[in-house]
Amino acid sequence: MLEMKRTSPIIALIGAVALLSSAPAVMAQTPAPAPAAAPADSAAPAAPAADQGTEGAEGLKVGGSANGKLTPIVMFEQADLVVKVVMVGLLACSILSWTLLIIKLVEFSSLKKSSDRFLESFRGAKSINEMGRIAESEDFAGNPMADMAAAAASEVELSRQAGLNVTGEFRDSTLMRATTAIGAVQASLARRLSGGMQFLASVGANAPFIGLFGTVYGIMNSFIGIANTNTTNLAVVAPGIAQALLATGIGLFAAIPSVIFYNYFQTQITSYGSRSEGFVAELVNAISRQLDKGA
């Protein structure tokens, strides 16, 4: 009996350890309790939030999914009639301006080269008649300096053919008639060199304001569209504003080159005018020397 009483605590301890080791397995086999269902009211706003995100993403697309990407051509096609007229007018002015710019650049370049060649030939002339022949040569046709020399030589020759004495005491009157003929050519030179400059000045000064008019009109239509649709969605606002800004962009595209080249051509005209004035003095002196020589 005493032995059994002594061994019973040991048996009890072994049984307790066995029970504790089997507890995790029992807990693993026991299914976890299902989470409590969320209240219906708290789950309901989730669906509209997703819809709002989709709608917002769609609204951030410029022009919306139906309109696609906005390009200058698409903006022009969707623009109002007044804005279209402004854009077409500005594009026409831009094309004419670039055409005129190219013509004037070629004209001034050719004029400079032709004048250099003429002066080299003119300074080698030995008489008034030879000056006239050089000036009337086909190589210098259309050159203003050649036209001045030809006019002066022609006036002296006409005075001779009229039986007038062009030397001696009548030398001054002959020079005055020759100078008058040169002045007439100079007047036509000024008109020739300034041709097209008024158009460039008008485009440079007015094209930005015309484009601004198209912009104001387009933005006004955009705000009217916002008021009519009662929404500030970017898909409604962006196309009209983009079309309006395109009109200003075209206006600046037409005006900026016109202003730049207008100033450049004015400099070229002034420079060639000064050069022609110097040539007039050289031409009168050359004729005066030949008259004094009796040539």
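1. Terms and basis. Buried means under 20% relative accessible area, exposed means over 50%, and partly exposed is in between (1.4 Å probe, protein chains only). This is a predicted model, in which local features need pLDDT of at least 70, side-chain atom pairs count only at pLDDT 80 or more, and totals for chains, interfaces and linings use all residues. Residues are numbered from 1 along each chain as its sequence is written, and side-chain values use heavy atoms, with hydrogens and water left out.

2. Salt-bridge count. Side chains of opposite charge can pair when their charged atoms come close. The rule used here asks for a side-chain nitrogen of Lys or Arg within 4 Å of a carboxyl oxygen of Asp or Glu.

3. Glu107 and Arg192. These two residues form a salt bridge, with the closest N and O atoms 3.7 Å apart. The pair links distant parts of the chain: Glu107 sits in helix 6 (residues 81–122) and Arg192 in helix 9 (residues 171–193), 85 residues apart. Helices here are DSSP runs (H or I, at least four residues), and strands are too (E, at least two), numbered from the N terminus. Arg192 has a relative accessible area of 36%, so Arg192 is partly exposed.

4. Arg275 and Asp116. Their salt bridge has its closest N and O atoms 2.3 Å apart. Arg275 belongs to helix 11 (residues 234–293) and Asp116 to helix 6, so the pair ties together parts that are 159 residues apart in sequence. Both ends are partly exposed: Arg275 has a relative accessible area of 27%, and Asp116 is at 35% relative accessibility.

5. Glu282 and Arg123. In this salt bridge the closest N and O atoms are 2.8 Å apart. Glu282 is in helix 11, while Arg123 is in the loop between helix 6 and helix 7 (128–135), so parts 159 residues apart in sequence are tied together. Which of the two counts as exposed? Arg123 does, at 54% relative accessibility. Glu282 counts as partly exposed, at 26%.

6. Aromatic pairs. Rings of Phe, Tyr and Trp (its six-membered ring) pair if their centres lie within 6.5 Å; planes under 30 degrees apart count as stacked, over 60 as edge-to-face and the rest as tilted. The structure has 10 aromatic pairs. One of them joins Phe213 and Tyr217, a tilted pair at 6.4 Å centre to centre with 40 degrees between the planes. Phe213 and Tyr217 are four residues apart in helix 10 (residues 197–229), so about one helical turn separates them. Phe213 counts as partly exposed at 48% relative accessibility. Tyr217 also counts as partly exposed, at 23%.

7. Phe261 and Phe265. The ring centres of Phe261 and Phe265 are 5.9 Å apart and their planes are at 40 degrees, so this pair is tilted. Both residues lie in helix 11, four residues apart, so about one helical turn separates them. Is Phe265 buried or exposed? At 0% relative accessibility, Phe265 counts as buried.

8. Aromatic cluster. Phe261 and Phe265 are also members of one aromatic cluster, together with Trp98, Phe108 and Tyr264.

9. Charge over a ring. Lys84 lies over the face of Phe76, at 5.8 Å from the ring centre. The test requires NZ of Lys or CZ of Arg within 6 Å of the ring centre and within 35 degrees of the ring normal.

10. Helix 6 against helix 7. Two packed helices are described by the angle between their axes and the distance between the axes. Axes are lines fitted to C-alpha atoms, for helices over the stretch in contact, and angles run from 0 to 180 degrees between N-to-C directions. Helix 6 and helix 7 pack at about 155 degrees, with axes 10 Å apart. They are therefore roughly antiparallel to each other. The cut-offs are under 35 degrees for roughly parallel, over 145 for roughly antiparallel, 65 to 115 for roughly perpendicular, and oblique for the rest.

11. Helix 6 against helix 10. The packing angle is about 160 degrees and the axes are 10 Å apart. That makes helix 6 roughly antiparallel to helix 10.

12. Ala190. This residue is in helix 9. Ala190 is partly exposed, with a relative accessible area of 46%. Ala190 and Thr270 are 80 residues apart in sequence but 9.8 Å apart in space, C-alpha to C-alpha.
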